[in-house]
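Subject: Structure handover

Hello,

Please find the structure below. My notes on what was found in it come after.

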Amino acid sequence: MGLLRRSTSTTDTSDAPAFGSGDERDGAAPNDAAALHHQTDEGSQLMRPSKAATDAAVREIVLTGELWPEVDPDDETMIVNMGPQHPSTHGVLRVMLELEGEVVLRLKPVIGYLHTGMEKTGEELTYVQGATNVTRMDYAASLFNETVYAMAVEQLLELELPSRAQWIRMLMHELNRMSSHLLFLATNGMDLGSTSAMIYGWREREEVLRFFEKVTGLRMNHNFFRVGGSAADLPDGWQDDALAVCDSVEYGVAEIDELLTHNPIWLERTVGIGIITSSQALALGASGPILRSTGIPWDLRKEQPYLPYDQVDFDVIYAENGDCFDRYRIKLVEILESAKIVRQCVEHMPGGDYRVQDGKVTPPPRARIDESMEALIHHFKLFTEGFKVPAGETYAAVEGPRGELGCYLVSDGTAKPARMHIRAPSFYNLQTAGAMMHGGLVADAITIISSVDPIMGDVDR
Amino acid sequence: MADEAREEMHEVENEAPAEGPARPSDDVAAAVLEAFPGSVFALSHGQAVVYVDRANLRDVVGFLLLEQQFTQVVDITGVDQSTNPGRFLGDGVAPERFEVVANCLSHWRNRRLRLIAQVPEHDPVVPSLVPLFPGVELAEREIFDLMGIRFDGHPDLTRILLPDEWVGHPLRKDDATARVPVQFKAAGKPQPKV
């Protein structure tokens, strides 16, 4: 039986640097240490001798060639940490996996690394400022956050939006759904090693973001949908831009489709992986594409229409297997459905005002400020003090790209909400990862977390 | 059997007789009111809200899930109403500092119903919904973490968004934003140059 022995030389440890005490550096260490003794303007560069190295006169590690001791079968599971800096965790999600060999028994998400107290911040901001806060929650679908917040405030104020304002919201929603799903396709491909899919996804998403930049001034975190409508009207020539975006996205999606949908490697890694049943999905609070992948065609746009979704023609995409492939495929086809809605928006966009003309929530037009003192005061008051919202509570919900995005808003009659809670779809959907993961292999953990598509800004808020 | 006892209890508690609140326009809410006397119906901006006793919260959710084809507790959250004296409340509901708000959804009937339970400050405990509906596990932990309301029967009621050693519950109104001391104060004073 071979006996391996390695002892650390401790011949000269009185002032030898800790890094100089290895075998191969015996003898040379004191000289090196002397060389490092000189004082620099920051003091001595010599590291203090390590206490461990000096105390252990003879530190030895003995490896015997005996058999492994009998393992208690109850202890055979192993807890492995994944993240929070793992590239496939889409931010800072930490996942604890309980493994039995290669098989994952349990998955526990550990979150909070991106918690910035946005719900508390929301209580400190006026209703005018609130959109800047909520737009940073789900940063891949910021327009949905702004809308759901604005919708909740509008319900409390009992404001009815002009139809053009509603159609603008619908148009931008669908474009944002496209960009968010393209982000999913890109990262999902990247997580499974298909970097071409990532490039294709980014490329088309960039087209959508460029359109957003033209309309809202920003690529992300737009602060575009305010209470009572939007911040600005659509720019001249937006129709051509929107149609061009649709064209290029449809082209790009067709490419991703061609690249992945019939790719045997892709099918091997996604079909039958991370299966969740409809009853599990319902019980775990899932919504959006995860719920639709289990055979429940639930889409708030159809079931509880909130914008003029009842005036456009689109299909709810759903599948029945509840695996990673279905979730991928649903999102892929949903992009095409969104493009369909965008085309109808271009065709049927009504004229009129892009915001409600209610002096209570709407700032005066820029031109009026130059000629009217009252308009200037009104503008100033609106943006410093905000407007008061009658006391009450309400819940507004929209179908975000990841599921039901809700806002529970409590007003105490002042210009700031008493409580602003966002029902974050990623937060609830994350709970399904455990059910999808059970009995799967470690390698599938990446696939499954990727297909749950959590946006950590949304999870942690 | 428990229902009878509960009914009796509520009849004693409920001083306002039935003539006060109007009959709910929402049939699910009406069924809840029938099964759980003492609950109060209110219509908040067109949305059906039922104020339930906090001890009944789990039973009401169970009633919705099992007998009213409800499928999900879409969202559960807590509200600190201590700075909101003129708040919206159902008729005859005794206000308490905290509220636990559960938004329930039926996919099959396409209906929503919001349940609100009043939770007193001195004993902020609510029966956990997790044994009935596991989809609120993280959400209840979040309420516990940020609002300090405990959920009786929750399998793993620990902090979720904040570090475990955090003191206080930031969404409470008396936990002001600037009250938390700066972290890393133990890093020590800067060393003088040699």
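**Chain B**

Chain B holds four helices and seven strands; helices (H or I, at least four residues) and strands (E, at least two) are DSSP runs, numbered from the N terminus. The order of its elements from the N terminus on is α-α-β-β-α-β-β-β-β-α-β.

This is a predicted model: local features need pLDDT of at least 70, side-chain atom pairs count only at pLDDT 80 or more, and totals for chains, interfaces and linings use all residues. Residues are numbered from 1 along each chain as its sequence is written, while chains are lettered from A and ligands numbered from 1 in the order in which they are written.

Chain B has 194 residues, of which 42% count as buried (20 or more other C-beta atoms within 10 Å of a residue's own, with C-beta atoms placed from the backbone; exposed is 12 or fewer, partly exposed in between). Among the contacts in chain B with a separation of 6 or more, 58% join residues 24 or more positions apart; two residues are in contact if their C-beta atoms, placed from the backbone, lie within 7 Å.

**A sheet in chain A**

In chain A, three strands form an open antiparallel sheet in the order S10-S11-S12, where pairing requires at least two DSSP bridges between two strands. Strands S10 (392–400) and S12 (417–423) of chain A are at the edges with a single partner strand each, so one side of each has no neighbour in the sheet. Direction ignored, neighbouring strands are turned by 15° against each other on average; axes are lines fitted to C-alpha atoms, for helices over the stretch in contact, and angles run from 0 to 180 degrees between N-to-C directions.

S11 (residues 403–411) of chain A pairs with S12(A) over six bridges in the antiparallel sense. In S12(A), A:Arg423 is the bridge partner of A:Gly406. Helix H5 (residues 142–157) of chain A packs on this sheet and touches S10 and S11 of chain A, its direction making about 150° with that of S10(A).

**Where the chains touch**

The contact takes 38 residues from chain A and 32 residues from chain B. On the chain A side, the elements that each supply at least two residues include H5, S10, S11 and S12.

**Helix H18 of chain A**

Eight of the eleven residues of H18(A) (residues 442–452) are buried, among them A:Asp444, A:Ile448 and A:Val452. A:Asp453 follows H18(A) and has a positive phi, near 60°.

Regards
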